[in-house]
Amino acid sequence: MNRDEPSGPIVRAAGLVKTHRPEGAAPVHAVRGVDLSIERGEFVALTGPSGAGKSTLLHLLGGLDRPDSGSLWLDGRQVDAYSEARWAMLRRNHIGVVFQFFNLVSNLTVADNVELPALLAGRSPRQARTDRAELLDELGLTGKENSTPGELSGGEQQRVALARALVNTPSLLLADEPAGSLDSKGTKEVLRLLARFHQRGQTILLVTHDARMASAADRVISFFDGQVVDDAHLGDAPKRPAAGVADVLKLKG
Amino acid sequence: MRAAARWTQAHLTAHRPAAVLTALATAGITISLLLATALFAYAADPWQRAFTQSSGAHVWIHTQGGAPAGSLAGLDEVRATSGPFRTVRTTASLQPGDSRATLELRGAAKRPATAAPQIVAGRWLDAHTDAGADAGATQGIVLESSVARAMWAKPGDTIVLSGFAAHLRVVGVADTAEVTFRAGETPGVAWVLPATLDASDAGRDERGRTIGLQLGDPADTDYVVQRAVTRLGADQITDVSTWRQAKAAAEGGNQLLGRLLGLFGLGALLAAALAVGGAISTRIRGHLRDISILKAIGFTPGQVVRMFVALHLGLALLGVALGALLTQVVGTLVPGRIGEAMALWRQLPGHAWLTLVISGGVVAFIGAATCLAAWRAGRVPPVPVARAATAAGGRASALTRRALGLRVPPALVLGWRGAFHRPLRSSAAVARLAVPLLLITIALGAWTTLDRFTSHPENVGLPAALTARSDTLDDRELRQLLGSQREMTAYPGAEVQALVPGQTGTITLRGLGTDARPYPGAVVEGRAAHGPDEAVAGQGLLDLLDARVGDWVRMTVAGRPHVLHIVGRSIETSDGGRVVSTTLDTLREGAGDDAAPRADAPPRPDFYQLVLRPGADPDSARESLSKASGGRLEVRETPNPADQLSAVRAVSVGLIAVLTLIGLVELATTVGAGVRDRSRDLLALRAVGLTPRQITAVIVSATAFITLAAALAGTTLGVLASQWLINLQGRASGWGAGIAQRPAPGILLLVIVVAVLIAATAAVLPAARAARRRLADSATDLL
């Protein structure tokens with residue numbers, strides 16, 4: 001993706017459809033004709049009840065799963081027909097993914113976990129090490145370079161996952177329920193970090209069923225039964241003190 | 001590249017014990033296969049063994065007396081020579097029958113270094129005692145073993161040879177790697193002192209020279225023969241024989257052995273490949289989650305496949321190299337027959353090539369299994385989904401629920417369900433464990449078949465333990481003497497060589513027993529020969545003539561035709577099965593069927609086969625016979641091919657050891673997979689209320705059930721396969737189908753019980769450790 005051309009949305013999806021067919025059960029229409037467009041630098045939250053299909057949509061946008069039909073453009077390039085290998089190369093350099101269950105490689109140290117994408121992208125080991133050190137510093141994880149994921153708390157693991165996702169300065173950061181396995185302290189940390197990176201210009205797509213997390217975003221897309229039901233930009237509404245969660249979403253009739 | 005290297009390095013560091021174990025297991029399997037091959041080479045080709053041990057000569061040139069045979073030593077291709085020996089051609093009378101044997105006597109003062117005769121009885125010639133110089137001392141002769149067998153001679157006997165005034169005394173019998181003696185076809189070899197040769201009054205036609213040439217490269221044989229003929233002149237050369245002829249002549253009887261051993265070897269290789277392949281694919285399956293994470297980070301499927309293949313192939317190469325190196329360096333130091341076999345194998349031709357083939361074969365098989373597993377790994381979706389959600393579930397079957405209701409220990413029930421819940425995966429595990437057990441059963445079948453040869457020879461066509469004949473007693477006296485012995489029954493017999501249409505070699509026509517008292521042979525197809533002109537043939541003969549039971553066969557004996565009706569097939573272990581047996585009366589009738597008037601008394605049988613009463617000891621029977629006859633009777637033991645096949649016993653033991661090792665590798669894989677699968681349910685099991693001991697029992701019983709199923713399948717299939725395979729080999733080698741014997745049910749039960757016990761024991765420790773693991777405190781532990 002070329003940063004020299006800041007025009008055009010980073011993500012544009014048209015008519016994405018995905019149906020899961022588990023063995024011996026009825027097919028599940030996870031994503032039913034979704035149109036979506038995300039601009040550079042936006043912090044988008046995708047909310048909805050569990051089972052709505054949010055994670056599936058995120059997987060489609062990250063190339064972790066293939067849509068049954070529809071088109072997808074990432075930074076002007078049409079990517080829905082990409083092979084798995086090409087998607088992998090795209091993900092290396094331009095997309096970072098953070099999962100609910102951290103998904104760190106269990107037998108690699110924290111340092112190795114974070115450096116792996118950098119090495120994949122072709123950077124030299126020394127450079128990878130510098131980038132890693134910087135990032136871990138920023139995330140408050142200095143001193144944990146040689147621990148394995150099993151020795152860290154949930155919040156620390158998620159921060160390592162975040163570092164891994166951001167080490168290649170991706171154009172797009174996808175976060176799938178990043179605080180789903182964390183306690184309130186961990187949740188606050190993750191929110192703070194996401195906000196910080198967003199301020200530096202990182203485009204973030206956050207999937208969450210927690211409305212409080214969603215409120216940290218610029219734009220909230222509501223998802224229900226595989227379709228987008230609302231797309232609201234926060235910040236238009238006047239700030240009210242002690243605003244409740246219910247005020248975030250306005251259902252259009 | 002860098003990322004792949006980083007991941008591989010970290011993976012090896014994290015899983016170091018498993019990696020070391022895999023490399024060691026591969027090394028162990030390679031070592032076993034190489035040692036087994038050495039044993040096979042040692043046992044399967046006795047001719048090659050004799051050739052190598054005696055440092056044999058590839059070409060034997062027989063010339064006239066004055067030819068400069070020694071000049072052949074100067075040829076470039078010749079590495080060493082045996083001789084040249086001065087020779088005298090002579091004849092000896094041969095019993096049974098009146099044929100005469102042609103012998104070539106070689107004058108050798110001391111045992112030659114090249115083509116050294118290997119003494120099997122008696123001793124070599126001694127310059128002092130065997131020269132016959134002193135009064136009363138006879139000149140000594142050493143016979144080659146096939147000649148000694150045909151002449152019924154052993155050390156201490158005296159023989160009469162044409163051209164020698166005095167009798168010669170046999171001082172020793174020796175084995176060589178030359179073409180074996182066949183009456184009427186190939187002359188036999190014997191050695192005397194040069195002085196003895198000088199003393200003979202053989203004419204110039206009967207004197208000659210013989211030289212044996214050992215070549216640097218056996219492929220030069222034909223070329224060297226040409227050179228020799230050119231150098232010496234074709235008129236000077238009387239005969240040429242090569243190692244190829246000797247090998248072909250010797251190979252007749254050993255086909256069964258070679259085939260059986262080849263079969264075993266192939267089976268072992270297959271089992272080893274399956275074991276290591278299974279271990280690798282199971283380990284890769286355990287890393288599925290890691291693989292999808294790697295893909296999510298940005299590894300392409302091709303990179304993932306290449307990483308795994310490189311890792312496991314590298315370990316395999318390391319293991320194989322280690323195993324091959326250890327075998328080469330330490331192999332000869334192993335005590336017993338294995339060390340001998342290794343030392344011999346080094347010198348055999350094709351040794352280096354075979355080592356490379358086996359090492360390469362192991363690596364290739366492992367590589368293939370790894371590629372398959374890695375390819376499957378490459379197809380894992382990049383979405384690290386919680387695996388618990390994707391495992392196919394199902395209601396507990398009615399049987400399970402009833403069992404739980406009947407207070408069967410829940411551990412057993414859950415173990416059963418866990419073992420057989422997923423039919424595809426569990427049948428793969430059962431099949432992998434069943435293969436080594438199947439092969440072990442086949443090895444046991446071979447062992448039992450061999451036992452049958454030694455303990456019940458009457459079932460395989462060898463009812464007579466002893467054969468007797470006499471030169472001095474006349475037939476009536478002999479019959480009286482043998483009839484008076486209570487513990488044996490004597491059957492008269494005669495054996496002649498016959499020609500059959502379309503074949504250049506001869507077959508053996510044997511007449512045993514009379515119509516009144518037929519010989520108890522082992523007829524496996526059809527019926528025994530009763531009436532006139534009926535006969536029973538061995539499989540080798542039927543194959544040779546392309547005949548079946550029920551056909552009429554024509555053969556020529558000493559110029560006279562015989563026509564026989566083949567009414568049955570018997571197991572014939574001598575002469576490659578190319579034997580026709582009929583009654584003595586039929587044989588004599590055919591012989592007397594010419595213009596010459598028959599003598600009043602029927603011609604005497606050549607020998608008597610003595611069938612001992614069950615339980616009688618052959619040695620004591622022989623002693624009592626020689627005592628009763630006052631030494632005028634010659635009795636010897638009928639050769640039992642079980643002696644030839646005794647190598648199969650040693651090889652079976654070796655093979656069972658190799659297969660046990662392979663089975664243990666498989667078991668380790670199965671146990672590991674079982675523990676990993678059950679660990680996911682650990683929390684659930686604890687919540688239900690099972691104690692850690694019960695949870696351990698669940699895992700152990702799951703493994704035990706899989707092993708039980710594998711053992712039952714393996715032994716059942718193994719019994720069927722062993723019978724079929726051994727009969728197949730028997731048929732192909734000319735002895736005939738019907739030799740196979742099933743292993744005793746008790747032994748099979750023992751194998752099953754031992755297998756299940758070993759499996760349960762191996763599973764206890766890992767299961768106990770898994771059951772007592774700390775409760776997972778984060779969801780990642782369960783995925």
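This note sets out points on the chain contact, the cavities and the salt bridges of a predicted model.

1. Extent of the interface. Chain A contributes 28 residues to the contact and chain B contributes 27 residues. The size of an interface is often expressed as the accessible area lost when the parts come together. For chain A and chain B the buried area is about 2500 Å², and carbon and sulfur atoms give 63% of that area.

2. Polar and charged pairs across the interface. Twelve residue pairs are in polar contact between chain A and chain B, with both residues of each pair at pLDDT 80 or more. On the side of chain A that touches chain B, helix H2 (84-94) and helix H3 (110-120) of chain A each supply at least two residues. That side of chain A comprises 15 nonpolar, six polar and seven charged residues. Three salt bridges are found across the interface of chain A and chain B. In a salt bridge between the two chains, the side chain of B:Lys295 meets that of A:Glu84 at 2.9 Å, N to O.

3. Rolling a probe the size of a water molecule over the atoms shows where empty space is left. The structure contains seven cavities of 30 Å³ or more.

4. The largest cavity. Its volume is about 140 Å³. The lining of the largest cavity consists of 13 residues, and those nearest its centre are A:Ile95, A:Gly96, A:Val97, A:Ala165 and B:Ile297. Two or more lining residues come from each of H2, strand E6 (95-98) and helix H5 (154-166) of chain A, and from helix H9 (288-297) of chain B. E6(A) gives the most to this lining, with three residues. By class, the lining of the largest cavity has eight nonpolar, two polar and three charged residues.

5. The second largest cavity. About 90 Å³ of space lies in this cavity. Of the 15 residues that line the second largest cavity, B:Phe51, B:Ala57, B:Trp60, B:Ala177 and B:Glu178 lie nearest its centre. The elements of chain B that give two or more residues to this lining are helix H3 (46-53), strand E10 (237-242) and helix H7 (243-251). Nine nonpolar residues, five polar residues and one charged residue make up the lining of the second largest cavity.

6. Salt bridges overall. Side chains of opposite charge can pair when their charged atoms come close. Over all chains the count is 26 salt bridges. A:Lys18 and A:Asp68 form a salt bridge through their side chains, at 4.0 Å from N to O. This pair joins distant parts of the chain, 50 residues apart: A:Lys18 belongs to strand E1 (residues 11-20) of chain A, whereas A:Asp68 lies in the loop between helix H1 (54-62) and strand E4 (69-74) of chain A.

Key:
Residues are numbered from 1 along each chain as its sequence is written. Chains are lettered from A and ligands numbered from 1 in the order in which they are written. This is a predicted model: local features need pLDDT of at least 70, side-chain atom pairs count only at pLDDT 80 or more; totals for chains, interfaces and linings use all residues. Side-chain values use heavy atoms; hydrogens and water are left out. Contact means heavy atoms within 4.5 Å. Buried area is the accessible area (1.4 Å probe) that two parts lose on being put together, summed over both. A polar contact is a pair of N or O atoms within 3.5 Å; within protein, one must be able to donate a hydrogen and the other to accept it, and residues adjacent in sequence count only if both atoms are side-chain atoms. Helices (H or I, at least four residues) and strands (E, at least two) are DSSP runs, numbered from the N terminus. Ala, Val, Leu, Ile, Met, Phe, Trp, Tyr, Cys and Pro count as nonpolar, Asp, Glu, Lys and Arg as charged, and the others, Gly among them, as polar. On a 1 Å grid over the protein atoms alone, a cavity is a set of points where a 1.4 Å probe fits but cannot get out, and a pocket is an open set with protein on both sides within 12 Å along at least five of seven lines; lining residues have an atom within 4 Å of a point. Grid points are joined across faces, edges and corners, and a volume is the space filled by probe spheres set on the points.
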